Amino acid sequence: MTGRALQPRLLRADGGIDTDSAATLSATELKKTYRSRIPLSPTVEVLDGASLSIHEGELVGIVGENGSGKSTLMNILVGVLDQDAGAVEKRGSIGWCPQDPLLYDRLTVRETIHLFAEGYGLAPRQRDEQLDWLADRLGYEEYLDTRIDRLSGGNRQKVNLSVALLHDPDILLLDEPYTGFDWETYLSFWELTEELAERGTGIGIISHFVQDRDRFDRIYELQDGQLQVDTEIDERSAGPTEDTSDGTVDHEMSGAVGVS
Amino acid sequence: MLLVVLPPIVLLAFDISLETIGDAPGIEVPAAAAELGGALFATAFLAGLLGVFQVVGGTEPDRRLVVCGYQPWEILSARLLTIVAASALVATLVYATFRWLSDITPQAPVLVIGALLVAAVTYGLLGVIIGSLIGRELEGSLILVFLADFDAFAALGVIPMDSDIIDYVPLAHPHAMLESAVHDGTVATGDLAVAGTYVVVLAVIALLAVRIRGETI
């Protein structure tokens, strides 16, 4: 992958991530309430003092029940939604993969990549190299000239993820990025994620998969508007997980994540 | 496809319906009313639809473009230019259909297209507002067709309506401009000024509506 030079992970002597160093991304005491503009409709308090940090080369998981505010948190971290209180500090460029593929239906895959590459400021040659690499890695080379609205859900999600990875960002924020992936692409995704973390990318992933817990350096659980660190793992283990019977990754298979 | 198929269907429908209405006692159907009304409705409806589709499902990925590095003003400018370009296309196609189906030779073709363009931009912006408020293509399209239909008929002045609201419907002044351009070869400055004011006000409301929609998604 082109872009930044290889960066060593910030490992402590015991093998854990050096979380004492300055965070690549930090959020402090975030608060967010959705206030209805229609009278008598409910006001929804989503975040009430949520704080987190993601360091260079760290893989952080964000979990929580449905409706707990995970996507709201991510939208605030990315900068597409303003918080009511609190601060977000970022060092470096951001790659964002939202839960719903925010893509233009009438563009082809290639046109989509070209459009976003223009925004990232990528030179045409770099753009084309990245596209070839991502299409090969995630397995959608044959769909490059297919319109987005004619792709399957899984392929659309691959393009969604590719837009986030296109410019080799310093910080990667992914909201359930492998929904609809087939098993091989799912494994390929985790290989790619580990490579990026090895190179120093700070990665935050909203995930519902219990089986993925051991892949993360830290897990935050969002509950009652606040983030609690679920566990700290010194070394990520990426052991094999079970295949599903139809070869696709089932979004609903995991169940609740326990708090340690 | 809709841009090509709809205008002749609408013009023919207006022709048939106004012929029937004209048979009613006390109703006077002015010359070219069917053609002008049909042209106005087709323009308004098509442009309004494009406005709705601009917003519903179209502006959500815009937030991602901002994250990628585009400036908000660049995206906004692109959206506004799209509405103007789409309006120009609609106005031109409707004018071509009008010339094809009508026996009337407009005195000032450029002014006729200009009047249709004003109607198109007005309804393109209305479509953006409706799309932002409703958030759904089907419901937005239905509201648009009823609004454009009532507006086009009210502006024609064929059916006597004892209400001041007729003077304030969005197509009232574009209709006056269209009629004047077709029959007299001119456009009244007052009509142009009021129609232009409508466009400016709707543009401001449309920007606010899109922004509010973006905050509540």
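## Largest nonpolar core

The largest nonpolar core holds 64 residues, and the members that touch the most others are Leu40(B), Ala44(B), Ala115(B) and Leu116(B). The model is predicted. Seven helices of chain B each give two or more residues to this core: H1 (2-22), H2 (33-55), H4 (72-101), H5 (109-134), H6 (137-156), H7 (172-183) and H8 (189-216). H5(B) supplies the largest share, 16 residues.

Beyond its neighbours within four places in sequence, Ala115(B) is in contact with Pro174(B), Met177(B), Leu178(B), Ala181(B) and Val187(B).

## Second core

A separate core, the second, has 59 residues. Among them are Ile54(A), Leu77(A), Val159(A) and Ala164(A). In soluble globular proteins, nonpolar side chains tend to be buried together.

## Chain A

Chain A contains nine strands and five helices. Read from the N terminus, their order is β-β-β-α-β-β-α-α-α-β-α-β-β-β.

Of the 260 residues in chain A, 42% are buried. Among contacts in chain A with a separation of 6 or more, 74% link residues 24 or more positions apart.

## Where chain A touches chain B

Contacts between the chains involve 13 residues of chain A and 10 residues of chain B. On the chain A side, strand E5 (94-97) and helix H2 (109-120) are the elements that give two or more residues. H2(A) gives the most, with three residues.

By class, this side of chain A has nine nonpolar residues, three polar and one charged.

Notes:
Residues numbered from 1 in each chain as written. Chains lettered and ligands numbered in written order. Predicted model: local features only at pLDDT ≥ 70, side-chain atom pairs only at ≥ 80, totals over all residues. Core = buried A, V, L, I, M, F, W, Y, C linked by C-beta atoms within 7 Å. Buried ≥ 20, exposed ≤ 12 C-beta atoms within 10 Å, placed from the backbone. Helix = DSSP H or I, 4+ residues; strand = E, 2+ residues; numbered from the N terminus. Contact = placed C-beta atoms within 7 Å. Nonpolar A, V, L, I, M, F, W, Y, C, P; charged D, E, K, R; others polar.
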